[in-house]
Amino acid sequence: MKNKALKQTPLLNQHKDLGAKLGPFGGWLMPIQYEGIIAEHIWTRQSASLFDICHMGEFLIHAEPKNIESDNIFTFRLSSMPLGSCKYGFMLNETGGIIDDLVAYRLETGKWMIVVNASTKDKDLLHISGNLSPEIIIEDISAKTAKLDLQGPLSGDIISQLAGEGIGGLKYYQCGNFILLNRNVIISRTGYTGELGFEIYADRQETADIWDIILADKRVKPAGLGARDTLRLEMCYPLYGQDIDDKTTPLEAGLEQFVDFKKDFIGKNALLKQREEGASKKIISFISDTRRSPRHGDKIYSEDKEVGFVASGSFSPSLGFGIGIGYVENGYDWIGAHISIRNERSELAAQITDRPFYRKGTARR
Amino acid sequence: MNVPEDLLYTKEHEWIKIDEKLATIGITDYAQHSLGDITFVQLPEAGADINKSAVLATVESVKAASDVYAPLTGKMTKINQDIVDSPELVNQSPYEKAWFVIIQVKDFAEKESLLNPSDYKKYLDELAK
């Protein structure tokens, strides 16, 4: 796709001024890196980084709690979420494949925000509106909403100085309304890096002002989608379209904990059947013996048998060696197993390990 | 992008420094910048023969793996173990500390296919368009 056909974040000029390398992601022209992926990654783990995440989609759902109680869309119950809480989960198709992974925010008793991936936003909206009962209203607020992520061990101190001490009361996966630069914003204590962090949702017209005031704090540097990817991979957080998709179920992806089987949802029968019969593929995480990294699409071998494929792979800046996530046939997924990762150009030795790769994250502190 | 005047270049973004029968080979500032943080380098054995356009080395960055091709035919006389041990040198010092290999050149006629600094700069300008 030519860059011209890509959607633009409201911060494009800021990124250019900062010397960012720009690239396509999910139909958007986004900053991939500024100073360098490794430097941005390490800075996020040690101090704080600001990420432009305006490409992601946001929907509002307005509903009487009793009307949404019986929705068949989400793998968790919106109506039982405490006010001011966030919840991660899925929308599935009839075969249990993941249409998208998402985070829901309960903003008011009868109002939720659903945050979805950029590349799946339009199909998500069709799926939700097609399955909601008519008295429930869904509103796509993506075009007027900015999303900025502040992530890193110092982010709590930084955001408190800007949006008030009250934000210190937010626990992991809680959200609320705050005043930032005299504007109303939604802030949640969530993220995709494994570090203490906050996601800020504001009016799109205010994106640049918020971006600038946060970056005025010298403890904060901008970070791009490159570092976001290595940070999330060290935590084994799935990336939609790469680690999970509409042909992969939450059971295969090791994400069963985000599925409430006490509730009805599209795809539940397929999941129950798979739970009974066993999944044919299983997710694994593995580490390379060297600095050489596994890559998306590489094949996984156990001795001389091809048993699976690499979904995500990279060099781990925190650990100093290659790491990856992949899928293997059932029975080859035991922790400690030695595997080999192959492509046309190379073969590397790896070992299946438990997750996450990185264990010093501050997200839940 | 830094393009030193005393080197020759290829469109695959390698630089070549010719000193009598020896050629020192590395990747250019443009190459290291496009690759981003380099995390792994694989070099051939010293003593091996290599043909022009054969894979000389493999370079991995955080985001991708790519091959470096031999710009000339010859025999590998020396490899730079420092960049294997510290791949970040390729980003920090592409023309000085991070040379890849030195080869004894077999056929100097092949030199004609290399670009001089001003032609390489023109080529980079075209790429930027």
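The expected span of a helix is 1.5 Å times one less than its number of residues. Helix 4 (residues 117-128) of chain B has 12 residues, so the span should be 16 Å; the end C-alpha atoms are 17 Å apart, which agrees. Helices (H or I, at least four residues) and strands (E, at least two) are DSSP runs, numbered from the N terminus.

This is a predicted model: local features need pLDDT of at least 70, side-chain atom pairs count only at pLDDT 80 or more, and totals for chains, interfaces and linings use all residues. Residues are numbered from 1 along each chain as its sequence is written, while chains are lettered from A and ligands numbered from 1 in the order in which they are written.

**Confidence**
- The predictor gives the complex an ipTM of 0.88 and a pTM of 0.95.
- Chain B has a mean pLDDT of 95 (the predictor's confidence in each residue, from 0 to 100).
- In chain B, 100% of the residues reach 70 or more.

**Chain B: sheet and helix**
- Six strands of chain B form an open sheet in the order 1-2-3-9-8-5, with antiparallel pairing; two strands pair if DSSP finds at least two bridges between them.
- Strand 1 (8-9) and strand 5 (49-50) of chain B stand at the edges with a single partner strand each, so one side of each has no neighbour in the sheet.
- Strand 8 (residues 74-79) and strand 9 (residues 101-105) of chain B run antiparallel, joined by five bridges.
- Opposite Met76(B) stands Ile103(B), in strand 9 of chain B.
- Helix 4 of chain B is hardly covered, with one buried residue among its 12; a residue is buried if 20 or more other C-beta atoms, placed from the backbone, lie within 10 Å of its own.

**Chain A against chain B**
- Chain A has 13 residues in contact with nine residues of chain B; contact puts C-beta atoms, placed from the backbone, within 7 Å.
- On the chain A side, helix 2 (37-46), helix 7 (225-234) and strand 17 (305-315) each supply at least two residues.
- That side of chain A has three nonpolar (Ala, Val, Leu, Ile, Met, Phe, Trp, Tyr, Cys and Pro), four charged (Asp, Glu, Lys and Arg) and six polar residues (the others, Gly among them).

**Domains of chain A**
- Chain A is divided into domain 1 (3-53 + 144-234) and domain 2 (280-365), with bounds from an automatic or database domain assignment.
- Their C-alpha centres lie 29 Å apart.
- Between them, 15 residues of domain 1 are in contact with 15 residues of domain 2.
- Helix 2 and helix 7 of chain A each supply at least two residues of the domain 1 side.
- The domain 1 side divides into six nonpolar, five polar and four charged residues.

Note on methods: Contact = placed C-beta atoms within 7 Å.
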